[in-house]
Amino acid sequence: MTTANPRRNRGMARLAASIVASGLVMAGALTGAGGAVADEAPPHQGGATATLDGLKTFDTAVLHADGQNQQLPAGLFEMTVDGGGKFKTYCIDIHNPTQDQAKYLETPWTQTSLGTNKNAGRIRWILEHSYPKIDDLQVLADEAGTGPLTVETAAAGTQVAIWRYSDQADVTASDAQAEKLADWLEKSATDTAEPKASLALDPVAVSGHPGERVGPVTVHTNAGQVSVTPPADAASGVRITDKKGKAVTTAANGSQLWFDVPADAADGSASLTVQATTSVPVGRAFAGATKSQTQILAGSSESTVSASATATWAGKGAIPAVTAKKNCARGGVDVTTSNKGDAAFTYDLAGVEHTVEPGRTETVTVPVAEDQAYDVTVTGPGGFTRTFKGVLDCLTTGGGNDGLTTQTAEQPTTITATAGGSTTGAEGNLAETGSSDATPMIAGIAIALVVIGGGSIFLLRRRKDRTAGE
């Protein structure tokens, strides 16, 4: 077996927290004197959601750490997409275990360990130039100079090469041809940009006054067209329109959507949903909704993707719109509050009072410990409450074999994930993608970080932007 260049496991401590529920929306109206509806923010900003079915196509590899050698499986996982479709993924989190039946969400690189990894683009290059994106194994073997490859050794070699960049792991494939493939992929990889989201809305929360169009909400998608579902309460008279006020039922990448709120509408809120069938691009990251090793997409069938956004409106007083997303670079949850009303909005976050003046936007970063569950709540006058929950997972774990367990062919790790988008690189109905699960043990860490006051969470950052829009 050819030996790869020695690499030390990443020994650096994990960055403080990221919010798996990126771009969460907090919807509801707040009047100057009236109350607001308490709400828990949805856990996903949009795109694909899926359930991991387990490690399906793999061979073995050896992890060299702290003077010890540990054999582990290396290869492709499969996921079932919510709403229809299949994914194949590789692991980019070798030392973290997978959780049985874990839920997964399509997630931007910046909200995973890839966001602080200077070699993230090389991982995408590997995915684009190996199995299953290249499904002709003879062509792949000739290009890499490996000798004969099977689907199992091709998957193992690809996973090993990815681990060397995702985890800085000193890992080798057990099969000689797989090791040659891993070496060739590692040496050949060049920086490649992050693929765009299958479907996302920006922002996911807007606010304004009755008698005007509230927005805009911009559509970002790789689908040719998305369907637009208006608010469920047709009696409210709220319509979804373009900038000129024309009602819309479909949209495309770059389209701007507006909530057209009648002038006589009572203070309240409404939501819209967009949905499409498309292929999620190879290289999109998938983070667990619970603590479970992060995956990266290697291929998929046509799949269902969706996203939603909420508008709030009021005749007078403060009119807040609050969103949250993980910030791996700062190790926490960015909570952004805008105020489109004519009075200041004063709210409590982590026991600290903040005030957002009319027409202003403020972002506060709430730090959360890596690998911990979080519960971030914003409270305001009149019973206003918005809550964001999830698990923070920004880094791969260093420190040798801690938490690493061998997974055998008889005991593949089964992961459940939510993915609502389709992916590219499919062969026939499904392009093979996969990731070897380094640890089959369940890692459902449920240590909640409750942000309810007393200064238990320190504020890392406050950013105020003078903006007239969201």
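Of the 470 residues of the protein, 59% count as buried. The model on display is predicted. Among the contacts in the protein with a separation of 6 or more, 78% are between residues 24 or more positions apart.

**Stop 1: the nonpolar cores**

Select Y90, L114, I126, L127, Y131, W163 and L181. These residues touch the most other members of the largest nonpolar core, which has 44 residues. Next, highlight helix α3, residues 151-166, which gives the most to this core, with eight residues. In general terms, nonpolar side chains tend to be buried together in soluble globular proteins.

Centre the view on I126 and display its surroundings. Beyond its neighbours within four places in sequence, I126 is in contact with T158, A161, I162, Y165, L185 and A189. A second, separate core of 41 residues can then be selected, including A223, V226, V248 and A311.

**Stop 2: the aromatic pairs**

How many aromatic pairs does the structure hold? There are four aromatic pairs. Select F87 and F286, whose ring centres are 5.2 Å apart; the planes stand at 55 degrees, so the pair is tilted. F87 belongs to strand β5 (residues 86-91) and F286 to strand β16 (residues 285-288), so the pair ties together parts that are 199 residues apart in sequence. Both F87 and F286 are buried.

Move on to F345 and Y347, an aromatic pair that is stacked, with 5.6 Å from centre to centre and 20 degrees between the planes. Both F345 and Y347 are buried. Which residue has its charged end over the ring of F384? Display R386, whose charged end sits over that ring, 4.4 Å from the centre.

**Stop 3: the disulfide**

Now select C328 and C394. The count of disulfides comes to one, and C328 and C394 form a disulfide with their sulfur atoms 2.2 Å apart. The angle about the S-S bond is -85 degrees, and the link of C328 and C394 is left-handed. C328 lies in the loop between β19 (320-327) and β20 (332-339), while C394 lies in the loop between β25 (384-391) and β26 (448-451), so the pair ties together parts that are 66 residues apart in sequence. Are these two cysteines buried or exposed? C328 is buried, as is C394.

For another cysteine, select C91. C91 is buried, with a relative accessible area of 0%.

**Stop 4**

Finally, centre the view on S271 in strand β15, residues 268-278. The relative accessible area of S271 is 36%; a residue counts as buried under 20% and as exposed over 50%, so S271 is partly exposed.

Show the contacts of S271 while leaving out residues up to four places away in sequence: S271 touches P230, P231, F259, A309 and T310. With which side chain does the side chain of S271 make a polar contact? The partner is the side chain of T310, and the distance is 2.8 Å.

Terms used. Residues are numbered from 1 along each chain as its sequence is written. This is a predicted model: local features need pLDDT of at least 70, side-chain atom pairs count only at pLDDT 80 or more; totals for chains, interfaces and linings use all residues. Side-chain values use heavy atoms; hydrogens and water are left out. Rings of Phe, Tyr and Trp (its six-membered ring) pair if their centres lie within 6.5 Å; planes under 30 degrees apart count as stacked, over 60 as edge-to-face and the rest as tilted. Helices (H or I, at least four residues) and strands (E, at least two) are DSSP runs, numbered from the N terminus. Buried means under 20% relative accessible area, exposed over 50%, partly exposed in between (1.4 Å probe, protein chains only). A charge sits over a ring if NZ of Lys or CZ of Arg is within 6 Å of the ring centre and within 35 degrees of the ring normal. Contact means heavy atoms within 4.5 Å. A polar contact is a pair of N or O atoms within 3.5 Å; within protein, one must be able to donate a hydrogen and the other to accept it, and residues adjacent in sequence count only if both atoms are side-chain atoms. A disulfide is a pair of cysteine sulfur atoms within 2.5 Å. A nonpolar core is a set of buried Ala, Val, Leu, Ile, Met, Phe, Trp, Tyr and Cys residues joined through side-chain atoms within 4.5 Å.
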